[in-house]
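Welcome to this set of exercises! Take a look at the sequence and the 3D view, then try each task before you read its solution.

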Amino acid sequence: MSTQRKIYIADDEANIRIAIKTFLENSGFLVKDFESGDLLMEAFADNPADLVVLDVMMPGSNGFVICKTLREKSTVPIIMLTARDSDLDYATGLDLGSDDYLIKPFSPMALVKRVEAIFRRIDFERGAKA
């Protein structure tokens, strides 16, 4: 990949942010992490990311609210990463515009592979339109 893709993570659990950031950076991505969705939104307004990973249960605006707000402003890919595992939560995340929904506990490697798959699809779609 010619330019390093930027990923924003919002999760109030520092150990999860660190694990995700480490795996994604080791896979070649530029990663910025935030302890809340509100902080992520402030950064996104000034400097949008190429992909966002959102926890649902965070202080301030929860991940569902952040997902909906992002989707109103951007087509940025969004992966929900949460302990909320009911069918209703899963459906809500997707209905609000997330591209994927991963349940905690999760495999950081699986998350990396999902991120890579999303970027492959985007690259393919851009290539098909060119």
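This is a predicted model: local features need pLDDT of at least 70, side-chain atom pairs count only at pLDDT 80 or more; totals for chains, interfaces and linings use all residues.

**Exercise 1. A loop proline**

Is Pro59 buried, partly exposed or exposed, and what is its relative accessible area?

Solution. Residues are numbered from 1 along each chain as its sequence is written, and side-chain values use heavy atoms, with hydrogens and water left out.

Step 1: recall the cut-offs. Buried means under 20% relative accessible area, exposed means over 50%, and partly exposed is in between (1.4 Å probe, protein chains only).

Step 2: apply them. Pro59 has a relative accessible area of 46%, so Pro59 is partly exposed.

Step 3: Pro59 sits in the loop between β3 (51-54) and α3 (63-73). Helices (H or I, at least four residues) and strands (E, at least two) are DSSP runs, numbered from the N terminus.

Step 4: Ser36 is 23 residues from Pro59 along the chain, and their C-alpha atoms are separated by 6.3 Å.

**Exercise 2. Checking a helix**

What span should helix α1 have, and how far apart are its end C-alpha atoms?

Solution. Step 1: use the rule. The expected span of a helix is 1.5 Å times one less than its number of residues.

Step 1: compare. Helix α1 (residues 14-26) has 13 residues and should span 18 Å; its end C-alpha atoms are 18 Å apart, which agrees.

Step 2: find its buried side. Ile16, Arg17, Ile20 and Leu24 of α1 are buried. They cover an arc of only 100 degrees around the axis, so they lie on the same side of α1. The arc is that of the directions from the helix axis to the C-beta atoms. Here is the general idea: an α-helix has 3.6 residues a turn, so residues three or four places apart point the same way.

Step 3: turn the helix around. Asn15, Ile18 and Asn26 are exposed, on the face of α1 turned away from its buried side.

Step 4: see what follows. After α1 comes Gly28, with a positive phi near 100 degrees.

**Exercise 3. Pairs of opposite charge**

How many salt bridges does a search of the whole structure find?

Solution. Step 1: define the term. A salt bridge is a side-chain nitrogen of Lys or Arg within 4 Å of a carboxyl oxygen of Asp or Glu.

Step 1: count. The search finds 11 salt bridges.

Step 2: Asp123 pairs with Arg5, and their closest N and O atoms are 2.3 Å apart. Asp123 is in helix α5 and Arg5 in the segment before β1 (6-10), so the pair ties together parts that are 118 residues apart in sequence. Asp123 is partly exposed at 37% relative accessible area, whereas Arg5 is buried at 12%.

Step 3: take another. Lys104 forms a salt bridge with Asp11, with 2.7 Å between the closest N and O atoms. Lys104 is in the loop between β5 and α5, and Asp11 in the loop between β1 and α1, so this pair ties together parts that are 93 residues apart in sequence. Both Lys104 and Asp11 are buried.

Step 4: Arg121 and Glu125 meet in a salt bridge (3.8 Å, N to O). Both lie in helix α5, four residues apart, about one turn of the helix. Salt bridges that share partners also join Asp11, Glu13, Asp55 and Lys104 into one network.

**Exercise 4. The largest pocket**

Which residues lie nearest the centre of the largest pocket?

Solution. Step 1: define it. On a 1 Å grid over the protein atoms alone, a pocket is an open set of points where a 1.4 Å probe fits, with protein on both sides within 12 Å along at least five of seven lines; lining residues have an atom within 4 Å of a point.

Step 1: list them. The lining has 13 residues, and Thr75, Val76, Pro77, Ile122 and Arg126 lie nearest the centre.

Step 2: follow one of them. Ile122 belongs to helix α5 and is buried, with a relative accessible area of 16%.
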